[in-house]
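Here is a friendly walk through a two-chain model, written to be read with the coordinates open beside you. Please keep the viewer at hand as you go.

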Amino acid sequence: MQQKLFDIGTVFWRDWVVLKRRLAKFLVSRMVAPLLYLVAFGWGLGRSISVDGGSYLDFIVPGILALNSMNISFNSITPVHAERVYHKSLEEYVSAPIWPDAFVIGKLLAALLRALLSSAIICALAFAFGARLTLSPLFLLVLALNCIIFAEIGFVAAMKINTFEEMGQVNTYILLPMSFLCGTFFHTAALPSLVRLIIDALPLTHTSYLLRALGSGQEASALSLFVLFFYCLVLYAFCVRFFRRLSD
Amino acid sequence: MIEVRNLIKRFPHRGKDGKQTEKTAVDGISFSVKKGEIFGLLGPNGAGKTTTIRMMTMQTRPTAGEILYEGLSTREEPQRVKELLGIVPQHINFDQDLTVGENMELHARLYHMGALERKKRIAELLDYVELSDVVNDGVRRLSGGMKRRLLIMRALIHHPRILFLDEPTVALDPQVRRRIWDMVQSLAKGGVTVFLTTHYIEEAEALCDRVAILAKGRLLDLDTPANLREKTNLPSLEEVFLQMTEKQSAAKAI
């Protein structure tokens with residue numbers, strides 16, 4: 001067990017070294033998109049809109065947290081694709097006597113750290129803009145689950161896709177539609193029932209539901225929590241399987 | 001020390017007619033390597049050298065066959081076997097986001113070395129190849145020769161008992177090549193078993209105790225360079241190599 005933790009620590013250490021060197025740039029760059037969302041949708045468009053009797057800013061902050069943590073965690077893990085396909089530096093891990101799952105867990109934890117740092121910046125900005133948001137341990141757990149799910153999707157893509165162009169298509173065909181349709185900027189109730197059926201099967205929708213409910217002090221939906229845990233575990237199994245199959 | 005038995009590797013392949021089929025890269029090779037020996041695997045491009053080395057270093061699973069190191073099977077005891085091996089790949093595969101020192105440190109951590117031991121060993125190895133001054137530089141900034149030396153040092157951090165060198169001197173100038181040869185010879189004298197692939201015949205002749213000649217995935221012969229010359233009555237290993245691989249091509253064509 002101690003050796004497995006050491007192996008996870010080694011994989012995480014590598015990403016931490018890289019992040020530490022670029023921390024200031026990372027933090028500043030992570031402020032840009034949420035700041036624009038908050039100005040445009042919170043101050044600009046949001047002043048004239050009221051949702052469920054509250055401000056649009058309060059409505060949108062959980063959505064921004066959900067979509068931002070999705071993007072950051074996915075994009076944090078995609079350099080693994082270049083390491084596998086172009087630099088071949090993944091061979092170092094494949095030929096080393098480490099626990100294979102340690103590579104997956106270490107990379108997921110590093111992506112989680114980046115996404116949580118970015119989420120902390122959004123929360124700070126949202127509070128500065130006057131948003132009301134209740135932070136609780138369950139709220140953080142949901143956020144962390146969302147980060148892990150999308151880091152896992154990024155990992156699976158990095159293991160299976162062979163070109164940069166196709167990696168970009170994951171963003172275009174999967175992340176971008178989810179960013180707008182999964183209850184981030186508006187209620188999914190506004191969508192046609194068939195579209196809603198699909199949207200309700202996606203993890204980001206449940207993250208948006210949960211963060212919005214928990215952020216406003218309401219109870220969490222057990223079904224949404226189950227969906228997130230389900231995605232998290234199934235995708236983890238795929239990550240491990242695909243990493244192990246690198247040596248086939 | 002190393003036992004390779006009837007090793008086969010087939011890859012999925014799309015034929016000329018567009019149908020999915022299989023291509024045999026390594027076709028049932030068997031050999032053994034003794035402790036402290038410098039063993040060379042010679043062959044033209046596409047002979048199956050790199051595939052053989054990738055199977056032996058557990059980066060690719062064999063389709064069939066068995067590989068044993070000190071009696072340990074790669075299939076049954078992969079983690080224990082990996083600890084015995086040092087691998088110098090044909091291509092430069094450093095982590096481009098890390099410095100020279102960090103690349104070395106990552107490798108040492110992956111082989112479970114403690115903090116003090118890591119620090120001492122990395123300093124010692126970088127000093128040995130005169131790379132101590134660039135320890136905090138990014139690996140992208142190193143010259144080709146420096147990268148090659150660093151690759152070998154990285155593979156040696158954890159004191160491997162078997163060192164794999166896949167085309168270690170490809171595209172290097174004669175001075176750097178000679179330094180790498182000296183390094184390999186001194187490692188073998190220290191008891192490290194060296195498994196080398198190359199298509200530089202003079203390199204194999206200068207370094208290897210025994211040479212295996214591989215063509216189209218098949219082992220054509222295995223002996224000392226002197227015995228190979230004697231058997232074929234040819235003056236140099238290069239001529240032996242050319243004769244054997246050409247014969248193989250002609251046989252295939254017929």
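## Strands, helices and a shared contact

In chain B of this predicted model, strand β4 (residues 64-69) and β5(B) run antiparallel and are joined by 2 bridges. Within that pair, B:Leu68 stands opposite B:Ser73 of β5(B). Strands here are DSSP runs of E with at least two residues, helices are runs of H or I with at least four, and both are numbered from the N terminus. Two strands count as paired if DSSP finds at least two bridges between them.

A word on conventions: residues are numbered from 1 along each chain as its sequence is written, while chains are lettered from A and ligands numbered from 1 in the order in which they are written. Since the model is predicted, local features need pLDDT of at least 70, side-chain atom pairs count only at pLDDT 80 or more, and totals for chains, interfaces and linings use all residues.

**The sheets of chain B**

The β4-β5 pair belongs to an open sheet of 4 strands in chain B, with the order β2-β1-β4-β5 and antiparallel pairing. Its edge strands are β2 (20-33) and β5 (72-73), each of which pairs on one side only.

Now turn to strand β3 (residues 38-42) of chain B, where 5 of 5 residues are buried (20 or more other C-beta atoms within 10 Å of a residue's own; 12 or fewer is exposed, in between is partly exposed, and C-beta atoms are placed from the backbone). In a regular strand the side chains alternate between the two faces of the sheet. Both faces of β3(B) are covered, with B:Ile38, B:Gly40 and B:Leu42 on one side and B:Phe39 and B:Leu41 on the other.

| Pair in chain B | Sense | Bridges | Source |
|---|---|---|---|
| β3 and β8 (residues 193-198) | parallel | 5 bridges | DSSP |
| β3 and β9 (residues 210-215) | parallel | 4 bridges | DSSP |
| β9 and β10 (residues 218-223) | antiparallel | 5 bridges | DSSP |

**Chain B as a whole**

Chain B has 9 helices and 10 strands. Its C-alpha trace spans about 60 × 45 × 35 Å along the principal axes. Among contacts with a separation of 6 or more, 67% join residues 24 or more positions apart; a contact means C-beta atoms, placed from the backbone, within 7 Å.

**Helices of chain A**

Helix α2 (residues 23-44) of chain A has 22 residues and should span 32 Å at 1.5 Å a residue; its end C-alpha atoms are 31 Å apart, which agrees (the expected span is 1.5 Å times one less than the number of residues). Its buried residues are A:Arg30, A:Pro34, A:Tyr37, A:Leu38, A:Phe41 and A:Gly42, and they pack against α3 and α6 (100-128) of chain A.

In helix α3 (residues 56-77) of chain A sits A:Phe74. This residue is buried, with 25 other C-beta atoms within 10 Å. Leaving out residues up to four places away in sequence, A:Phe74 touches A:Phe150, A:Ala151, A:Ile153, A:Gly154 and A:Leu175.

**Where the chains meet**

The contact takes 20 residues from chain A and 24 residues from chain B. On the chain A side, α1 (2-21) and α5 (90-94) each give two or more residues, and α1(A) gives the most, with 7 residues.

**Confidence**

The mean pLDDT, the predictor's confidence in each residue from 0 to 100, is 90 for chain A and 89 for chain B. The predictor gives the complex an ipTM of 0.86 and a pTM of 0.88.

Note on methods:
Contact = placed C-beta atoms within 7 Å.
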